[in-house]
Amino acid sequence: MFNNADKKEALPVQLALSDGRNLQGSVLLPASTSLSRMLNGEAGFLDFEAQSGVKSIIAKSAIVELVLTTPVK
C-alpha cells in the first residue's frame, strides 16, 4: 500500500572531507537502511543537507571522518 523506499531519515552528522572542509548537517538515508549499510554499499555518493538547508551529494571517497552528533537508537 505504502512504499517506504521514498521516505528519508535525517541523521545529524559532522563530516570532515579530504579537501579540509568540515560540514555540519544531516545525512539523508532511505528509511529502510542503516548508516553503516549505506556507507559500505556500492553507491559512491550520499545525500547531505547542510544546517543552512542546502542539499548536496557528497562523494563517499571524499569523506575522511563522519561523526554522528546524536546517539543512534
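Predicted model: local features only at pLDDT ≥ 70, side-chain atom pairs only at ≥ 80, totals over all residues.
Residues are numbered from 1 along each chain as its sequence is written, and side-chain values use heavy atoms, with hydrogens and water left out.

The chain contains one helix and five strands, where helices (H or I, at least four residues) and strands (E, at least two) are DSSP runs numbered from the N terminus. Along the sequence these elements are arranged in the pattern β-β-α-β-β-β. Of the 73 residues, 26% count as buried, a class defined by a relative accessible area under 20%, with exposed meaning over 50% and partly exposed lying in between (1.4 Å probe, protein chains only). The accessible surface of the chain comes to about 5200 Å², and 52% of this surface belongs to carbon and sulfur atoms; such areas come from the Shrake-Rupley method with a 1.4 Å probe, and for residues only the protein chains shown count as cover.

Strand pairing, which requires that DSSP finds at least two bridges between two strands, involves strand β1 on two sides of the description. Strand β1 (residues 8–17) runs antiparallel to strand β2 (residues 22–30), to which nine bridges join it, and β1 also pairs in the antiparallel sense with strand β5 (residues 63–68) over five bridges. Ala16 stands opposite Asn22 in β2, while the bridge partner of Ala16 in β5 is Glu65. The hairpin of β1 and β2 has four residues between the strands, and in this hairpin Gly20 takes a positive phi near 95 degrees.

A nonpolar core is a set of buried Ala, Val, Leu, Ile, Met, Phe, Trp, Tyr and Cys residues joined through side-chain atoms within 4.5 Å. The largest such core has 13 residues, of which Leu15, Val27, Leu46, Phe48 and Ile58 touch the most other members. Two or more residues of this core are given by each of β1, β2, α1 (35–40) and β3 (45–50), and the largest share, four residues, comes from β1. Leu15 is in contact (heavy atoms within 4.5 Å) with residues including Phe48, Ile58, Ile63 and Leu66, when neighbours within four places in sequence are left aside.

Two residues illustrate opposite surroundings. Ser26, placed in strand β2, counts as buried because its relative accessibility is 17%; apart from residues up to four places away in sequence, Ser26 touches Ala10, Leu11, Pro12, Val13, Asp47, Phe48 and Glu49. Gln51, found in the loop between β3 and β4 (55–59), counts as exposed at 64% relative accessibility. Gln51 and Gly25 are 26 residues apart in sequence, yet their C-alpha atoms are 4.6 Å apart in space.

Side chains of opposite charge can pair when their charged atoms come close. Two salt bridges are counted, each defined as a side-chain nitrogen of Lys or Arg within 4 Å of a carboxyl oxygen of Asp or Glu. In one, Asp47 pairs with Lys8, the closest N and O atoms being 3.1 Å apart, and this pair links distant parts of the chain, with Asp47 in strand β3 and Lys8 in strand β1, 39 residues apart. Asp47 is partly exposed at a relative accessible area of 26%, and Lys8 is partly exposed at 47%. In the other, the closest N and O atoms of Arg21 and Asp19 are 2.8 Å apart.
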